[in-house]
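Have a go at each task before you read its solution.

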Amino acid sequence: MQKRVDRYISQYKEGYFSPLSMLARLSEEVGELAREINHVYGEKPKKDSEAEKALEEELGDVMFVLTSFANSLDIDISEAFDMSMSKIETRDKDRWTKKEED
C-alpha cells in the first residue's frame, strides 16, 4: 500500500502535505467515516439530498490518508503495526474473556 500511494503522490510537484495538514485531513476523513457509521448503525438517517457512501469507501479514504501520513514521515506501517500489536498482546492478554477452545 505504501509503495502504491508513494507512486501516486510522487507524480505531483506538490508532494506530501505537511504533518499538520495531514493530521487535519485524517481528522476530516475519520469524521466522514463516523458520519457514515451513524447513518448505518445510529439514529441519524441520511437526508434525501445526501449521496449514499459505502463504509468501505470511507474506510478506504482513512487508510489512504493514514498511509500518506506514514509515508510523509518515513514510517513503515508494517513495523508500526507490529510494534503496536506486540504491546497490545502483552498488555491486554488477560484483559478480556477468552473464548473456550474446542
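**Exercise 1: an aromatic trio**

Tyr12 counts as partly exposed, with a relative accessibility of 41% (buried is under 20% relative accessible area, exposed over 50%, partly exposed in between, with a 1.4 Å probe and protein chains only). Before going on, note that this is a predicted model: local features need pLDDT of at least 70, side-chain atom pairs count only at pLDDT 80 or more, and totals for chains, interfaces and linings use all residues. Residues are numbered from 1 along each chain as its sequence is written, and side-chain values use heavy atoms, with hydrogens and water left out.

Task: find how many aromatic pairs there are.

Solution, step by step:

1. Take the rule: rings of Phe, Tyr and Trp (its six-membered ring) pair if their centres lie within 6.5 Å; planes under 30 degrees apart are stacked, over 60 edge-to-face, and the rest tilted.
2. Applying this rule gives two aromatic pairs.
3. Tyr8 and Tyr12 make an edge-to-face pair, 5.4 Å centre to centre with 65° between the planes.
4. Tyr8 also pairs edge-to-face with Phe64, at 6.4 Å centre to centre and 75° between the planes.
5. Since Tyr8 lies in helix H1 and Phe64 in helix H3, this pair ties together parts that are 56 residues apart in sequence.
6. Tyr8, Tyr12 and Phe64 form one aromatic cluster. Tyr8 is partly exposed at 44%, and Phe64 is partly exposed at 26%.

**Exercise 2: two packed helices**

Task: work out at what angle helix H1 and helix H3 pack.

Solution, step by step:

1. Helices (H or I, at least four residues) are DSSP runs, numbered from the N terminus. H1 covers residues 2–9 and H3 residues 55–72.
2. Their axes are 9 Å apart, at an angle of about 80° (axes are lines fitted to C-alpha atoms over the stretch in contact, and angles run from 0 to 180 degrees between N-to-C directions).
3. H1 and H3 are therefore roughly perpendicular (that class spans 65 to 115 degrees).
4. The contact (heavy atoms within 4.5 Å) involves Gln2, Val5, Asp6, Tyr8 and Ile9 of H1, and Phe64, Thr67, Ser68, Ala70 and Asn71 of H3.

Terms used:
Parallel < 35°, antiparallel > 145°, perpendicular 65-115°, else oblique.
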